[in-house]
Amino acid sequence: MADVVVGKDKCGEQRLVSLPLSRIRVIMKSSPEVSSINQEALVLTAKATELFVQYLATYSYRHGSGKEKKALTYSDLSNTAEGSETFQFLADILPKKILASKYLKMLKEKREEEEEENNNDESEDDEAES
């Protein structure tokens, strides 16, 4: 396999991956298309996941405000998901945090807009029938 070894397990033996393979197996098996999982595929999926998370964290740290604080924050991750074309698919998973009051205000405005659109549609239908 690979020459890179990361971490040690409970027995003190070196492991190729840090993520728990049993959890990854459960996630993979949750897909209805998957009937069996090859051990090599499981290890490769775990390693690929680790590398992806590492890349996301490093990219977010370098391009976020984390450098000044020497910390990676949720806002760094969400800004990366929103701003980077590579990580755009994560925008729904890592949304920007907003205050509950701001969210409720946005919902209220959205409902008002929908009501106005519905009223406009109904009035246009009435005019067309006349």
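This note goes through the predicted model point by point.

1. Basis. This is a predicted model, in which local features need pLDDT of at least 70, side-chain atom pairs count only at pLDDT 80 or more, and totals for chains, interfaces and linings use all residues. Numbering runs from 1 along each chain as its sequence is written, and side-chain values use heavy atoms, with hydrogens and water left out.

2. Confidence. The mean pLDDT of the chain is 82, and 81% of the residues score at least 70. Here pLDDT is the predictor's confidence in each residue, from 0 to 100. Residues 1-5 have pLDDT below 50; beyond near neighbours in sequence, this stretch has eight contacts in the model. Contact means heavy atoms within 4.5 Å. Where pLDDT is low, the predicted coordinates should not be read in detail.

3. Fold elements. There are five helices and zero strands. The pattern along the sequence is α-α-α-α-α. Helices (H or I, at least four residues) and strands (E, at least two) are DSSP runs, numbered from the N terminus.

4. Burial and surface. Of 130 residues, 16% are buried. Buried means under 20% relative accessible area, exposed over 50%, and partly exposed in between (1.4 Å probe, protein chains only). The chain exposes about 10600 Å², with 52% supplied by carbon and sulfur atoms. Areas come from the Shrake-Rupley method with a 1.4 Å probe; for residues, only the protein chains shown count as cover.

5. Contact range. Take the contacts in the chain with a separation of 6 or more: 28% of them join residues 24 or more positions apart.

6. α1 against α2. Helix α1 (residues 21-29) packs on helix α2 (residues 39-63) at about 100 degrees, axes 10 Å apart. The two are therefore roughly perpendicular (65 to 115 degrees). Axes are lines fitted to C-alpha atoms, for helices over the stretch in contact; angles run from 0 to 180 degrees between N-to-C directions. Leu21, Ile24, Arg25 and Met28 of α1 meet Gln39, Leu42, Val43, Thr45 and Ala46 of α2. By class, that is six nonpolar, two polar and one charged. Ala, Val, Leu, Ile, Met, Phe, Trp, Tyr, Cys and Pro count as nonpolar; Asp, Glu, Lys and Arg as charged; the others, Gly among them, as polar.

7. α2 against α4. The axes of α2 and helix α4 (residues 74-83) come within 9 Å and cross at roughly 100 degrees. This pair is therefore roughly perpendicular. Leu56, Tyr59 and Ser60 in α2 touch Asp76, Leu77 and Thr80 in α4. The contact holds three nonpolar, two polar and one charged residues.

8. Alanine 57. This residue lies in α2. Alanine 57 counts as partly exposed because its relative accessibility is 24%. Its C-alpha is 7.4 Å from that of leucine 72, 15 residues apart in sequence.

How values were computed: Parallel < 35°, antiparallel > 145°, perpendicular 65-115°, else oblique.
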